[in-house]
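I opened this model to see how its parts are put together. My notes are below the display.

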Amino acid sequence: MKADDDDGDGSSKAAPEAVAEGEKAPADAEAVPDAAEGSEPGADEKDGSGTKAGAEEKASAGDAAAAAAARAKAAAETADAEAEALADGAAAKAGTGAKTDAQPKTPAGADTAGAAGAKADAGAKAASGTETGAQPKTPAGADIAGAKAGAEAEGDADAKADAGPKSDAEAERGTEVRAEAKGAEGAAEAEKGGDGPADADGAEDPQGPPAADDESRTGGAGGKTAGGEAEAKGKTGGADAVDQPTAIFKAVRPKDQVDQPTTMLKVGKGGTGGTKQAESESERTSKFVALKDDVRHKPTSAPADETTAVPQIGPERTTQQPLPPKPPLDLLAELTNTPPPPETPVRTALRRVKIWTPLVLLLVIIFAVVQTLRPLPSPTLALTAKDSYTFDGGRVNLPWPGEGQGWMDGDGIGTMGNFGKQTPVAIGSVAKTMTAYIILRDHPLKPGQEGPKIKVDATAEKEAGYSKDGESTLTTVHAGDTLTEKQALSAIMIPSANNIARLLARWDAGSEAAFVKKMNATAKELGMTGTTYTDPSGLKETTVSTARDQVKLGRMVVRIPALVAITSAASWTDPSGHNWSNFNDLPLQVGAIGIKTGSTTAAGGNLLFAARKKVGGQTVTVVGAVLGQHKPSILHTANVVSKTALLAAENALTSTKILKKGDVVGYVDDQLGGQTPIVVTQDVTAVGWSGLKVKLSFASGTVPHTAKAGTQVGTLTVGDGSTAGVKVPVALQRDLAEPGFGAKLTRIG
């Protein structure tokens, strides 16, 4: 049976029985106090310092341990029989219903059993005390105290069934009794030191409440495990037997029988010969608590060697290794407890469709977003009307001279005619046209402006005297004089002054040689492939060109209003007041606008000319050149044949309406398949001559992605595409819209 933690040992309840038990105890029960002769008994644990002082007496460890062990074995053998008698008496008492409230009387058998239990317990405590080795010297009274504690524990269990709960003071007193019993037991074990045989702490000895640090709760009364193990060794065959768990004494009894009060041996305070006295009410410090059925009827635990777990050596082995992931269908089959369907071509195809369809859809979405957000291409103009127009009639034949070479162009329209082989020949003062062109290009002037002043140097004054040798010069200038840019240009283009041409070269480029380089570079830029310049005035025979090249230069000159204002004059008056006539007769005779004459013995008579005529509402400029006229007078011959060709060309000019206002001539292409029509904003009149084929082309302006109808988006040009061609604005026929989503999505480029 087990005592509850809140109860004492019940020693005070069984006081009368303990007195009777002491009287009936056999002679060997007196051996316990004999082992500690001269010491005061420790039965009354609550008496204070008197009892504890007697327990401190030293006893002979060897003799006491050996005698206690022998007596413990003998007591253990008789304990079972006495316990059975006690159980029978208790059963009989339970049947008759005789209960006692304070001090019940116990049959003689029970007294005998209590005395035997006390004797056995005392012997066990003495023996076990020698095993611990904790306290080398043990008071003799400790063995007696252990015996009394064991007896009181058993008596407490039986007495509790009848007496009921006791006071807290009694519980505290029982706790102190158990504590001193445990101290005495430890002292006896220390005295023994492991040399004596293992005592048996009778299994019948009831366990008290576990100590605070007894986690197993099997020690009883603060952990009486050592005593229990010693008793188990005694019952299993000696010191070589394995330790057994502490057990409690149990007797076979009927199911309906209840626990009965027990008695225990009480040792008097007067030594071995003292009288036994009944405990007072305050000494009864515990109450009996019956064990639960599952503990009372629990079989004896197996030997320690049979229940001890085998220690783990090495790393702990895993109970299950991870498996590789299974295919989704197999995993689904496990979850649904259905096997995967058999693999077939159709199922394989469907699975692939399910896998690839989301990926394809994602790619399609990304592609659509990219296509939508990409910058739109720039719209362009496309021509739907005919890209050319041919005037009716045959080719125009101009009246050319029988020698030299010539070329005639309608500026911006095309070539009207030419004659002679276009080979480089000396051109004389016609070269001054390039000098004037470069000066105005590098130092531009507006019509009427004089421009910067140019100081006449000594070289210009000196070269002015070359007129005596037949060279054209401006003889009225002297070193230190100044000429404006316009005056200097007039001097070279009207009286063809060589000394002023050289002066302009030095003023512009720093030297004549540097200026000549600029002349040749400019000729190359204009496509004058048959032209070479060696001096600014053209006096040298090495300065050569062709009629075709000079017409190219003439077309550029007539686009400079300031220069045309000079070359179209019939005469010019210098700063000194001298009036100089133009060697070109055409301005005066036919209203020509220039350009320049040139004559040398090697070059003959040469003339680069130009004239303007308004035809069909459009102004047309005709530019021509005649070179290599050696018929005397060479310069007069050049003027005559040039006049004849120029007049014939002007008479050949004609115009015709090729497009009416509002005609669709093309569309705006948004580069994504969208087309918006465009129309001309006015009538289109082409100017030319019979047999001429003119081109129609668009000059695109800034075309937006969206615009309203009527917005001008470009220009229709009729001619060779140059700035002199006929130009008509074109506009949107309807609103221009941005490309739609489908067009953006399907574009490739």
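**Overall.** I noted first that this is a predicted model. I looked up the secondary structure and found 22 helices and 20 strands. I then checked burial: 48% of the 749 residues count as buried. The accessible surface comes to about 35500 Å². Carbon and sulfur atoms hold 55% of that surface. I also looked at contacts between residues at least 6 apart in sequence; 75% of them join residues at least 24 apart.

**The sheet.** I traced an open sheet of five strands in the order β4-β3-β13-β12-β11. The pairing is antiparallel. At the edges I found β4 (414–419) and β11 (594–600), each of which pairs on one side only. From one strand to the next, the twist averages 10°. I then looked at what packs on the sheet. Helix α21 (residues 634–652) does, and it touches β3, β4, β11, β12 (604–615) and β13 (618–629). The direction of α21 makes about 25° with that of β12.

**The β3–β4 pair.** I counted five bridges between β3 (residues 405–410) and β4.

**A helix pair.** I picked α13 (residues 432–442) and α18 (residues 547–557). Their axes come within 11 Å and cross at roughly 35°. The crossing is left-handed. Which residues make the contact? From α13 I listed T433, M434 and Y437, and from α18 L553, M556 and V557. Five of the contact residues are nonpolar, one is polar and none is charged.

Technical notes. Residues are numbered from 1 along each chain as its sequence is written. This is a predicted model: local features need pLDDT of at least 70, side-chain atom pairs count only at pLDDT 80 or more; totals for chains, interfaces and linings use all residues. Side-chain values use heavy atoms; hydrogens and water are left out. Axes are lines fitted to C-alpha atoms, for helices over the stretch in contact, and angles run from 0 to 180 degrees between N-to-C directions. Helices (H or I, at least four residues) and strands (E, at least two) are DSSP runs, numbered from the N terminus. A crossing is left-handed if the near helix is turned anticlockwise from the far one by less than a right angle, and right-handed if clockwise. Contact means heavy atoms within 4.5 Å. Ala, Val, Leu, Ile, Met, Phe, Trp, Tyr, Cys and Pro count as nonpolar, Asp, Glu, Lys and Arg as charged, and the others, Gly among them, as polar. Buried means under 20% relative accessible area, exposed over 50%, partly exposed in between (1.4 Å probe, protein chains only). Accessible areas come from the Shrake-Rupley method with a 1.4 Å probe; for residues, only the protein chains shown count as cover. Two strands pair if DSSP finds at least two bridges between them.
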